[in-house]
Amino acid sequence: MNNLIKVDYSSERPTVSARELHRFLEIKTEFRHWFPRMCEYGFTEGRDYTPVIFDHPQNKQQIKDYQLTISMGKELCMLQR
């Protein structure tokens, strides 16, 4: 069976990319507006998600993403229905 969203097992807790989840769920709201609004549901930086900055592969601009715990990712999926 194919994975729906890539799970990162490189840290002590498995995580998923917030941007990848946003894309997979086909959220119409821009990511930069959507993620802060989702954090208002009581998620905590360092416990539920960790910010990650990387360079865009094409234009080399810095992009902010978040590594979400599986639990937070599941909650966000349920919030999005």
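**View 1. Isoleucine 63, a buried residue of strand S3.** At 16% relative accessibility, isoleucine 63 counts as buried, where buried means under 20% relative accessible area, exposed means over 50%, and partly exposed lies in between, all with a 1.4 Å probe and protein chains only. This residue lies in strand S3; helices (H or I, at least four residues) and strands (E, at least two) are DSSP runs, numbered from the N terminus. The model is predicted, and local features need pLDDT of at least 70, side-chain atom pairs count only at pLDDT 80 or more, while totals for chains, interfaces and linings use all residues. Residues are numbered from 1 along each chain as its sequence is written, and side-chain values use heavy atoms, with hydrogens and water left out. Leaving aside neighbours within four places in sequence, isoleucine 63 is in contact with Arg19, Val52, Ile53, Phe54 and His56, and contact here means heavy atoms within 4.5 Å.

**View 2. Isoleucine 53, an exposed residue of strand S2.** Isoleucine 53 has its place in strand S2, which covers residues 49-55. With a relative accessible area of 55%, isoleucine 53 is exposed. Which residues does isoleucine 53 contact, leaving aside its neighbours within four places in sequence? They are Gln62, Ile63 and Lys64. Although isoleucine 53 and lysine 64 are 11 residues apart along the chain, their C-alpha atoms are separated by 4.5 Å.

**View 3. The largest nonpolar core.** In soluble globular proteins, nonpolar side chains tend to be buried together. A nonpolar core is defined here as a set of buried Ala, Val, Leu, Ile, Met, Phe, Trp, Tyr and Cys residues joined through side-chain atoms within 4.5 Å. The largest such core has 16 residues, and those with the most contacts inside it are Trp34, Phe35, Tyr49, Tyr66, Leu68, Met72 and Leu76. Two or more residues of this core are given by each of helix H1 (18-24), helix H2 (31-39), strand S3 (62-69) and helix H3 (70-80). Helix H2 provides the largest share, five residues. Tryptophan 34 is in contact with Ala18, His22, Ile27, Thr29, Leu76 and Gln80, once its neighbours within four places in sequence are left aside.

**View 4. Leucine 21 in helix H1.** Leucine 21 lies in helix H1 and is buried, with a relative accessible area of 2%. Not counting residues up to four places away in sequence, leucine 21 touches Ile5, Leu68, Gly73, Leu76 and Cys77.

View 5. Apart from neighbours within four places in sequence, its contacts are Arg13, Pro14, Thr15, Arg47 and Asp48.

**View 6. Two loop residues with positive phi.** Glutamate 26 is found in the loop between H1 and H2, and its phi is positive, about 55°, although this residue is not a glycine. Glutamate 26 is exposed, with a relative accessible area of 61%. Lysine 60 lies in the loop between S2 and S3, and its phi is near 65°, again a positive value in a residue other than glycine. At 57% relative accessibility, lysine 60 counts as exposed.

**View 7. The whole protein, as a setting for the close-ups.** The protein has three helices and three strands, and from the N terminus on these elements run β-α-α-β-β-α. With 81 residues, a compact globule would have a radius of gyration near 12 Å, and the 13 Å of the protein agrees with this; the radius is taken over C-alpha atoms, and the globule rule is 2.2 Å times the number of residues to the power 0.38. Along its principal axes the C-alpha trace spans about 35 × 30 × 30 Å. Buried residues make up 31% of the 81 residues. Among contacts between residues at least 6 apart in sequence, 45% join residues at least 24 apart.
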